[in-house]
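Me: Hi! Could you walk me through the charged side chains in this one? I'm new to it.

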Amino acid sequence: MKKIINDKLYNSETATRLYHYDNKLYTTDINYYSEALYKTKKGSYFLLKEGGAMSKMSKTNGISKTGDMDIEAFSPEEAQDYLIEHQAIDVFEIEFGFLDEA
């Protein structure tokens, strides 16, 4: 997927996927939801979100609901927070360095 945000192109086909989450349902399930954190070749981060008609990605035309897909630009701090929230420690350490042990 490609999307222009603030005059910059975010392209999931040319960026590197750092982390992926999904709710373990089939992609054809109306409750399916997934998101993936990407990093562009120039170092920008973004989240690609995709879901079915009954997921948080649903959209309506006034008559029926369908699934949808979207890209959200992330700052480096938002990418760090996202990886911490999902406990993706290995990815965090590769991308941002090691955290201090307690």
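Me: Leaving aside its neighbours within four places in sequence, which residues is E35 in contact with?
Reply: E35 is in contact with Y19, H20, Y21, L47, L48, K49, Y82 and H86, once neighbours within four places in sequence are left aside. Contact means heavy atoms within 4.5 Å. This is a predicted model, where local features need pLDDT of at least 70 and side-chain atom pairs count only at pLDDT 80 or more, while totals for chains, interfaces and linings use all residues. Residues are numbered from 1 along each chain as its sequence is written, and side-chain values use heavy atoms, with hydrogens and water left out.

Me: Where does E35 lie?
Reply: In strand β4. Helices (H or I, at least four residues) and strands (E, at least two) are DSSP runs, numbered from the N terminus.

Me: And is E35 buried or exposed?
Reply: E35 is buried, yet has no salt bridge. Buried means under 20% relative accessible area, exposed over 50%, and partly exposed in between, with a 1.4 Å probe and protein chains only. A salt bridge is a side-chain nitrogen of Lys or Arg within 4 Å of a carboxyl oxygen of Asp or Glu.

Me: What is the nearest side chain of opposite charge to E35?
Reply: That is K56, 4.6 Å away. Lys and Arg count as positive and Asp and Glu as negative, while His and the chain ends are not counted.

Me: Which side chain does E35 join in a polar contact?
Reply: Y33, at 2.5 Å. A polar contact is a pair of N or O atoms within 3.5 Å; within protein, one must be able to donate a hydrogen and the other to accept it, and residues adjacent in sequence count only if both atoms are side-chain atoms.

Me: New topic: how many salt bridges are found in the whole structure?
Reply: Three. In one of them, K49 pairs with E72, the closest N and O atoms being 3.1 Å apart. K49 lies in strand β5 (residues 45-51) and E72 in strand β8, so the pair ties together parts that are 23 residues apart in sequence. K49 counts as buried at 16% relative accessibility, and E72 is partly exposed at 31%.

Me: What about D70, which side chain does it meet in a salt bridge?
Reply: K3, at 2.7 Å from N to O. D70 is in strand β8 (residues 68-74) and K3 in strand β1 (residues 2-5), so this pair ties together parts 67 residues apart in sequence.
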